[in-house]
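Reader: Can you walk me through this one? I'd like the conventions before the details.

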Amino acid sequence: MIISPAMMKIFEECPQKYKYIYIDKINLPQNKYFYQKGKNIHAMANYYLKGFNIDKLEVLLSKDEKSIWTYLKNCNYFKYDCIGSEYQLSCKVDNKWIGGRLDAFVKNKEDYYILDYKTGSVPENAEYDYQTMVYLLCADAFLKKYHSLKFIYIDLKNKTEKIINFDEQLKQEYTEKIKNILSAINLMKISQNLLLKNNKCKCDYYCICDKN
Ligand code: SF4
């Protein structure tokens, strides 16, 4: 099994919630409307970077979506060579697989960029977000040799960017942090007693949660 950044994040938030979602496989109904805008923009970017003609799709976008999409389409990164869009990468840390699907992976000569488009908000502590750490470690293992490697959060709401420059020091820090969360997840699998009880919390799984 490949452990994704979302799995790590949910485990850190609450091991009980992790159990409901990834071990018991209990899925709750989602508010689809909330995700629609993000999905449409990601779909446009994916078709565009893969070289499809999107003229007929662009006319279907709402005014708000069109403004966001125009901003993204004209960003410099979309002028670079596209290695992959909706690109799956994985690597091994501590003999366990980690990985996920990058929104886009582009390069300008020997400078590489992982792109992540956000219609919501960029993570507060973006440099140490599990998504940042996992994707950069995977890209580093995949490339082996490069001049520079950066993670770019493109904030489509505020039309700004958050850039994280990967280097040897970050690589060591990230590897250590990922090792720690993987070993915590592994421990939970062998001992359900480790599940934490939090009397005040109330997530989507509250109605079925026996820890409250
Ligand atoms: S209600 Fe609390 S303990 Fe239960 S799954 Fe949600 S966050 Fe975890």
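Author: What follows goes from conventions to strands, cores, rings and surface.
Author: This is a predicted model, in which local features need pLDDT of at least 70 and side-chain atom pairs count only at pLDDT 80 or more, while totals for chains, interfaces and linings use all residues. Residues are numbered from 1 along each chain as its sequence is written, and side-chain values use heavy atoms, with hydrogens and water left out.

Reader: Fine. Strand 4 first: how many of its residues are buried?

Author: Eight of the eight residues of strand 4 are buried, so strand 4 is largely enclosed by the rest of the structure. Buried means under 20% relative accessible area, exposed means over 50%, and partly exposed is in between, with a 1.4 Å probe and protein chains only. Strands are DSSP runs of E with at least two residues, helices are runs of H or I with at least four, and both are numbered from the N terminus.

Reader: Which residues sit on each side of strand 4?

Author: Asp111, Tyr113, Leu115 and Tyr117 are on one side, and Tyr112, Ile114, Asp116 and Lys118 are on the other. Both faces are covered.

Reader: And in which sense does strand 4 pair with strand 3?

Author: Antiparallel, over five bridges. Two strands pair if DSSP finds at least two bridges between them. Asn108 stands opposite Asp111 of strand 4.

Reader: What's in the turn there?

Author: The hairpin of strand 3 and strand 4 has two residues between the strands, and Lys109 in the turn has a positive phi of about 55°. Lys109 counts as exposed because its relative accessible area is 67%.

Reader: Which way does strand 5 run against strand 4?

Author: Strand 4 and strand 5 run parallel and are joined by eight bridges. Asp116 has Tyr153 in strand 5 as its bridge partner.

Reader: And how many bridges join strand 5 to strand 6?

Author: Six, with strand 5 and strand 6 (residues 160–165) running antiparallel. Lys150 stands opposite Asn165 in strand 6. Four residues lie between the strands of that hairpin, where Lys159 takes a positive phi near 55°.

Reader: Where else is there a positive phi in a residue other than glycine?

Author: Glu86 has one, near 50°. Glu86 is in strand 2 and is partly exposed, because its relative accessibility is 22%.

Reader: Switching to packing. Which residues touch the most other members of the largest nonpolar core?

Author: Met8, Ile98, Phe105 and Ile178, out of the 40 residues in that core. A nonpolar core is a set of buried Ala, Val, Leu, Ile, Met, Phe, Trp, Tyr and Cys residues joined through side-chain atoms within 4.5 Å.

Reader: How many aromatic pairs does a search of the whole structure find?

Author: It finds 19. Rings of Phe, Tyr and Trp (its six-membered ring) pair if their centres lie within 6.5 Å; planes under 30 degrees apart count as stacked, over 60 as edge-to-face and the rest as tilted. One of them is Phe78 with Tyr117, whose ring centres are 5.9 Å apart with planes at 70°, so the pair is edge-to-face.

Reader: What does that pair tie together?

Author: Parts that are 39 residues apart in sequence, because Phe78 lies in the loop between helix 5 (63–73) and strand 2, and Tyr117 in strand 4. Both Phe78 and Tyr117 are buried. Tyr87 and Phe142 are also edge-to-face, because their ring centres are 6.2 Å apart and their planes are at 75°. With Tyr87 in strand 2 and Phe142 in helix 6, that pair ties together parts 55 residues apart in sequence.

Reader: Which residues make up a ring cluster?

Author: Ring pairs link Tyr48, Trp69, Phe78 and Tyr117 into a cluster.

Reader: Last topic, the surface. Which residues form the nonpolar patch?

Author: Tyr47, Phe52, Leu57, Val59 and Leu60, with about 520 Å² of accessible area together. Patch residues have over 30% relative accessible area and no salt bridge, with like charges joined within 9 Å and nonpolar side chains (Val, Leu, Ile, Met, Phe, Trp, Tyr) within 5 Å. Areas come from the Shrake-Rupley method with a 1.4 Å probe, and for residues only the protein chains shown count as cover. A salt bridge is a side-chain nitrogen of Lys or Arg within 4 Å of a carboxyl oxygen of Asp or Glu.

Reader: Where is Tyr47?

Author: Tyr47 is in helix 3 (residues 32–49) and counts as partly exposed, at 36% relative accessibility.
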